[in-house]
Amino acid sequence: MMSKVVTFGEIMLRLAPEGYYRIVQAEKYVATYGGGEANVSVSLANYGLDSKFVSKLPKNEIGQAGVNSLRKFGVDTSDIVRGGNRVGIYYLEKGASQRPSKVIYDRAGSSIAEAVKEDFDWDKIFEGADWFHFTGITPALGDNIAEICMEAVKKAKEKGITVSCDLNYRNKLWSKEKAGQVMGELCKYVDVCIANEEDAGDVFGIKAANTDVTSGQVNHEGYKDVAKQLADRFGFSKVAITLRSSISANDNKWAAMLYDEGNYYFSKNYLMHIVDRVGGGDSFGAGLIYSCLQNMEPQQIIEFAVAASCLKHSIEGDFNMVTVDEVMKLAGGDASGRVQR
């Protein structure tokens with residue numbers, strides 16, 4: 001049977017100047033939709049899984065456009081609650097060369113941020129589900145949403161559903177202290193932890209030795225200890241950490257590590273020329289979930305997840321619009337980018 005994955009979070013309206021224009025230069029914006037868990041749902045639907053996204057959106061045309069952006073990729077939106085007053089917005093200014101990308105949020109008072117426990121019937125939502133995924137962005141939206149997340153992970157564990165969480169720390173949403181407190185409780189119910197090279201340090205104070213992400217120095221070996229500490233503290237069955245070395249805003253090296261039952265697996269390292277990096281971590285998470293559900297071997301799991309994310313960096317918008325075959329080709333070593341006829 002087809003595996004079913006449920007994700008829970010916020011989908012936002014993304015407004016970005018065309019090309020590499022700065023916001024202060026912009027006279028028009030390209031409007032698309034995206035958000036951590038929504039991005040994961042789209043990837044999984046593209047891979048052929050039964051993918052459901054759960055959220056709350058206003059019952060107006062902007063909310064409906066958000067729903068439609070998911071439906072066209074085959075995501076199940078039947079448990080998106082309608083209500084509230086607004087869709088959260090984020091403005092993206094794409095960086096270039098040594099100028100970094102910037103994100104400005106306008107999401108206060110969004111429908112999902114004002115949701116209540118009674119909005120979501122987790123028994124119904126989890127019917128037939130194999131996997132539940134959320135990110136650290138969602139509980140950061142407010143204490144009420146953190147409580148809803150707790151209710152969801154407890155219900156998932158009660159039903160024997162695998163739970164994954166991408167730590168996804170956002171300093172514009174909450175403090176490190178608050179994040180550590182809330183995520184520390186939620187992670188007790190998590191099976192698979194996903195993080196980038198900074199998340200474990202920001203949220204739990206667990207840092208890799210001999211690493212300076214600002215200068216682009218990422219010591220891959222140091223993350224073995226980070227993953228083991230996370231697994232020992234919370235009992236995670238798997239810990240996956242993406243390892244990004246930034247040469248510039250346009251060029252990054254991209255790899256990842258998987259800790260699985262006491263063993264460490266490192267992916268190959270890609271040199272990427274970036275078209276759009278937003279959603280890169282989400283595409284990694286989706287690749288990891290898919291490959292786990294396909295019962296791939298640990299080395300194959302991390303290679304598939306990294307290849308999927310590498311391809312996302314070449315695609316405009318939040319969503320990773322690639323197929324399993326395309327990911328498998330890259331993971332298998334075809335990184336030439338040659339025209340396929």
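## Nonpolar cores

The largest nonpolar core holds 54 residues, and those touching the most other members are F8, F120, W122, F132 and F134. Helix 4, residues 143-158, gives the most to this core, contributing 8 residues. The model described here is predicted. In soluble globular proteins, nonpolar side chains tend to be buried together.

F8 illustrates the packing. With neighbours within four places in sequence left aside, the contacts of F8 include F120, W122, F132 and F134. F8 also meets E37, V54, I112, H133 and T138, as well as I145, I148 and C149. Another core, of 38 residues, lies apart from the largest one; among its members are V40, W254, V327 and A331.

## Strands 9 and 10

Strand 9 (residues 131-135) and strand 10 run parallel and are joined by 5 bridges. Within this pairing, F134 stands opposite C165 of strand 10. F134 is also one of the residues in contact with F8.

Strand 10 spans residues 162-166 and is mostly covered, with 4 of its 5 residues buried. The loop between strand 10 and helix 5 (176-186) contains S175. S175 is partly exposed, since its relative accessible area is 34%, a value between the limits of 20% and 50%. S175 and V203 are 28 residues apart along the chain, and their C-alpha atoms are separated by 8.9 Å.

## Helices 8 and 9

Helix 8 (residues 280-293) and helix 9 (residues 298-312) have axes that come within 7 Å and cross at roughly 145 degrees. The crossing of helix 8 past helix 9 is right-handed.

On the helix 8 side, the residues that meet helix 9 are G280, S283, F284, G287, L288, Y290, S291 and C292. Their counterparts in helix 9 are I301, I302, F304, A305, V306, A308, S309 and K312. Sorted by class, this contact comprises 10 nonpolar, 5 polar and 1 charged residues.

## Positive phi in two loops

Most residues other than glycine have a negative phi. S97, which is not a glycine, has a positive phi of about 55 degrees. S97 sits in the loop between strand 7 (89-93) and strand 8 (102-106). With a relative accessible area of 36%, S97 is partly exposed.

N295 likewise has a positive phi, near 60 degrees, in a residue other than glycine. N295 belongs to the loop between helix 8 and helix 9. N295 counts as exposed because its relative accessible area is 67%, and the cut-off for exposed is over 50%.

Key
Residues are numbered from 1 along each chain as its sequence is written. This is a predicted model: local features need pLDDT of at least 70, side-chain atom pairs count only at pLDDT 80 or more; totals for chains, interfaces and linings use all residues. Side-chain values use heavy atoms; hydrogens and water are left out. A nonpolar core is a set of buried Ala, Val, Leu, Ile, Met, Phe, Trp, Tyr and Cys residues joined through side-chain atoms within 4.5 Å. Buried means under 20% relative accessible area, exposed over 50%, partly exposed in between (1.4 Å probe, protein chains only). Contact means heavy atoms within 4.5 Å. Axes are lines fitted to C-alpha atoms, for helices over the stretch in contact, and angles run from 0 to 180 degrees between N-to-C directions. A crossing is left-handed if the near helix is turned anticlockwise from the far one by less than a right angle, and right-handed if clockwise. Ala, Val, Leu, Ile, Met, Phe, Trp, Tyr, Cys and Pro count as nonpolar, Asp, Glu, Lys and Arg as charged, and the others, Gly among them, as polar. Two strands pair if DSSP finds at least two bridges between them.
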